[in-house]
Amino acid sequence: MKKNVIDKIIDIYNRSELSISKFAVIVGKDRRTVTSWIDKLSHKSPNEEILERISSFFRYPNSIWDDDCQGDDFLDLLTKVPKEEVKIIDEGYLGGLKYIIKYEDKERFVIHSQFPGPMYRDTTVPRVYRTQSSTEIEVFKQERVERMLSYSFQTVEWYSIKALLSFCFSPIGNFYTKEQKILILDLMYNNFHENYNKKLYFFDSFSRKVYGLDTIYTSINIKNGVIFFKAPLESVIIEVSNKKLVERIHRHFTDGKEAPAHVHPSDATEILQILRRAIQLDHDLLQAYVMIDQQTQYGEIFKNNLSLSLIQRMNKEQGQKH
């Protein structure tokens with residue numbers, strides 16, 4: 001039996017396993033309209049804009065709507081095209097920004113390559129890497145900042161202890177002033193402290209191999225089975241939709257047996273406060289470590305991030321005191 005456009009939309013909807021509300025958002029219509037298609041109460045074919053929205057979201061070619069695309073040809077497009085597991089988004093800075101905002105719309109789970117994350121950095125030290133901007137870019141950046149800092153926005157953020165300590169104390173490639181460091185630590189403290197919608201983790205990237213997940217921005221959307229990385233090229237994003245891989249990486253940072261040693265979210269903001277005090281007092285890395293070791297239970301995993309020469313110096317100073 002020949003399928004018309006409505007029949008094809010019904011097949012796509014059924015295969016998507018999405019709710020009517022979610023599908024309605026994708027096509028830009030209300031629930032009543034989508035329900036009328038599914039129940040075959042409406043026989044009027046949707047306009048080209050709606051068909052384009054469906055094709056774009058599910059990554060189907062526009063030929064899927066052709067009258068002669070029937071039977072096995074139609075089924076092949078439904079079953080084979082979504083199996084594309086790697087997609088390259090190379091649409092410039094603005095295109096990448098729009099992509100990130102789209103996929104981190106309601107919540108996000110991110111492993112950051114540097115501390116602080118780009119959004120926190122840009123609130124204090126704008127345009128560190130870029131020399132060009134535009135009104136549209138700044139509007140989207142501000143929208144992202146407001147969303148991320150909203151009390152109700154759900155975010156899980158992982159940073160390596162190495163990146164955290166480099167931000168605070170490394171003299172190499174560090175473009176933050178003392179005052180800017182304090183402002184950023186305060187901003188993140190206020191964003192995460194006693195907010196159950198937000199979780200901040202600091203993990204030890206030296207206690208267990210993480211194979212580069214501490215060196216590249218990684219965003220995991222477990223609900224949609226998508227993970228994307230910021231490629232080592234300006235404004236290029238790599239999207240992966242291999243469900244098993246997405247679940248495996250997500251489990252690596254959520255399963256207690258698999259996750260690297262880390263600071264629990266309930267203690268992470270205390271670490272921020274200790275480091276803030278250390279910077280305020282002009283302490284160096286070793287002095288800050290001693291504060292963390294004395295005031296928290298995380299001395300061991302922070303010690304893993306110290307150089308051998310620093311550990312030897314610390315042992316020597318402690319020996320002289322005794």
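**View 1. The accessible surface of the predicted protein model.** The protein exposes about 17,900 Å², an area computed by the Shrake-Rupley method with a 1.4 Å probe, and carbon and sulfur atoms supply 50% of it. Of the 322 residues, 46% count as buried, where buried means under 20% relative accessible area, exposed over 50%, and partly exposed in between (1.4 Å probe, protein chains only). This is a predicted model, in which local features need pLDDT of at least 70 and side-chain atom pairs count only at pLDDT 80 or more, while totals for chains, interfaces and linings use all residues. Residues are numbered from 1 along each chain as its sequence is written, and side-chain values use heavy atoms, with hydrogens and water left out.

**View 2. The largest nonpolar core and methionine 188.** A nonpolar core is a set of buried Ala, Val, Leu, Ile, Met, Phe, Trp, Tyr and Cys residues joined through side-chain atoms within 4.5 Å. The largest one has 44 residues, and Met188 is among those with the most contacts inside it. Leaving aside residues up to four places away in sequence, Met188 touches Phe115, Pro116, Tyr120, Tyr159, Leu200 and Leu272, a contact being heavy atoms within 4.5 Å. Apart from this core lies another, of 23 residues, including Ile6 and Phe74.

**View 3. The surroundings of glutamine 70.** Glutamine 70 counts as buried because its relative accessibility is 17%. Its side chain reaches the backbone nitrogen of lysine 3 at 2.7 Å and the backbone oxygen of aspartate 67 at 2.9 Å. Not counting residues up to four places away in sequence, glutamine 70 touches Met1, Lys2, Lys3 and Lys8.

Methods. Polar contact = N/O pair within 3.5 Å; in protein donor to acceptor, adjacent residues only side chain to side chain.
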